Amino acid sequence: PRHFAIVPAAGSGTRMGADKPKQYLPLLGRPLIHHALATLCAAPDIDRVYVVLSVGDAEWMRHDWSALGPKLVPLFCGGPSRADSVLAGLRAISGEAAQSDWVLVHDAARPCLAPWHIDKLVRELAHDEVGGLLAVPVADTLKQADGHRRVAATVPRDRLWQAQTPQMFRYVMLRRALESAHGVTDEASAIEAAGLHPRLIEGDATNLKVTFPLDLHLAEWILQNRER
Ligand code: CTP
Ligand code: MG
């Protein structure tokens, strides 16, 4: 089977509060999204990289993506939510993808994706019936609040994981799951709603999602200090 990457990048970055969507903010001299796209395009296991942009995204054209090579394909079909954007991407490539092909969905907002994250995910899920996702064990003690912001319970964290991306599922299974799921924030939730159990592949904290301004500084530090 082939492996397609889908990179949802049609968000507006409201929590970042910048003057443009966070995927285009400069990070070490390149647009933030360029980092993850470069890593995906360079991965020998990945056959094509589809980036899902907002309809009429003008910022995309203002940058030069040619260094990423021929695997990169922009799709101007983003939707109102992340799940809508991913589903629109899946629909757009229906002529391309076969039943058993794998799709790796990766947030544009995770610029510190490393080659070994992709290698581990693809290797460990190669023969999996369902698919799975990168995730890290929760480190903090977690409190569940009541309606008055008092602690109702301390949630045991020994079996809790933080979901990351890429999330890797078979094309047809993922598309069916997303067509029928509503209000999900990641692909795994859609698969779970279909009654299946995605596998957790342990990643690491460097694959952070850039959500708030502090995250930009952390991402810069991680990229600058990474062994190559
Ligand atoms: N995304 C998307 N289409 C949307 C919303 C989000 O493709 N309608 C993408 C974002 O571009 C991002 C990823 O999904 O790469 C994760 O979403 P998030 O971190 O929430 O980004 P934003 O929605 O842009 O940020 P915010 O929620 O703060 O507005
Ligand atoms: Mg969002």
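Author: Val-103 lies in strand β6 of this predicted model.

Now its contacts. Neighbours within four places in sequence are left aside here. Val-103 then touches Phe-4, Ile-6, Leu-90, Phe-169, Tyr-171 and Leu-174.

Val-103 belongs to the largest nonpolar core, which has 53 residues. Ala-5, Ile-6, Val-7, Val-52 and Val-103 touch the most other members of that core. Take Ala-5 from that group. Beyond four places in sequence, Ala-5 is in contact with Leu-40, Ile-46, Val-49, Tyr-50, Leu-104 and His-106.

Next, the helix that packs on β6. Helix α4 covers residues 171-180, and its buried residues are Tyr-171, Met-173, Leu-174, Arg-175, Ala-177 and Leu-178. Tyr-171 and Leu-174 are also contacts of Val-103. The buried residues of α4 pack against α2, β6 (102-105), β10 (161-170) and α5 (187-193).

Helix α1 takes residues 32-42. Its buried residues are Leu-32, Ile-33, His-34, Ala-36, Leu-37, Thr-39 and Leu-40. Leu-40 is also a contact of Ala-5. The buried residues of α1 pack against several elements, among them β1, β4 (48-53), β5 (72-76) and α3 (115-125).

Strand β1 leads on to the ligand. β1 (3-9) and α2 (82-92) each supply at least two residues of the shell around ligand 1. That shell has 22 residues, and the closest are Pro-8, Gly-11, Arg-15, Ser-85 and Ala-108. By class, eight shell residues are nonpolar, 10 are polar and four are charged.

Strand β10 leads on to β7. β7 and β10 pair in the antiparallel sense over six bridges. Leu-133 stands opposite Gln-167 in β10. β7 also runs parallel to β11 (residues 199-202), joined by four bridges. There, Gly-132 has Arg-199 as its bridge partner. β7 is mostly covered, with five of its seven residues buried.

Ala-135 sits in β7, residues 131-137. Why does Ala-135 count as buried? Ala-135 is buried because 21 other C-beta atoms lie within 10 Å. Residues up to four places away are again not counted. Ala-135 touches Trp-161, Gln-162, Ala-163, Gln-164, Leu-200, Ile-201, Glu-202 and Gly-203. Asn-207 is 72 residues from Ala-135 along the chain, and the two C-alpha atoms are separated by 9.4 Å.

The protein has six helices and 11 strands. Buried residues make up 36% of its 228 residues. Among contacts between residues at least 6 apart in sequence, 70% join residues at least 24 apart. The C-alpha trace spans about 50 × 40 × 35 Å along its principal axes. The radius of gyration is 17 Å, which agrees with the value near 17 Å for a compact globule of 228 residues.

Conventions:
Residues are numbered from 1 along each chain as its sequence is written. Chains are lettered from A and ligands numbered from 1 in the order in which they are written. This is a predicted model: local features need pLDDT of at least 70, side-chain atom pairs count only at pLDDT 80 or more; totals for chains, interfaces and linings use all residues. A residue is near a molecule or strand if its C-beta atom, placed from the backbone, lies within 6 Å of it. Ala, Val, Leu, Ile, Met, Phe, Trp, Tyr, Cys and Pro count as nonpolar, Asp, Glu, Lys and Arg as charged, and the others, Gly among them, as polar. A residue is buried if 20 or more other C-beta atoms lie within 10 Å of its own, exposed if 12 or fewer, and partly exposed in between; C-beta atoms are placed from the backbone. Two residues are in contact if their C-beta atoms, placed from the backbone, lie within 7 Å. A nonpolar core is a set of buried Ala, Val, Leu, Ile, Met, Phe, Trp, Tyr and Cys residues joined through C-beta atoms within 7 Å. Two strands pair if DSSP finds at least two bridges between them. The radius of gyration is taken over C-alpha atoms; the globule rule is 2.2 Å times the number of residues to the power 0.38.
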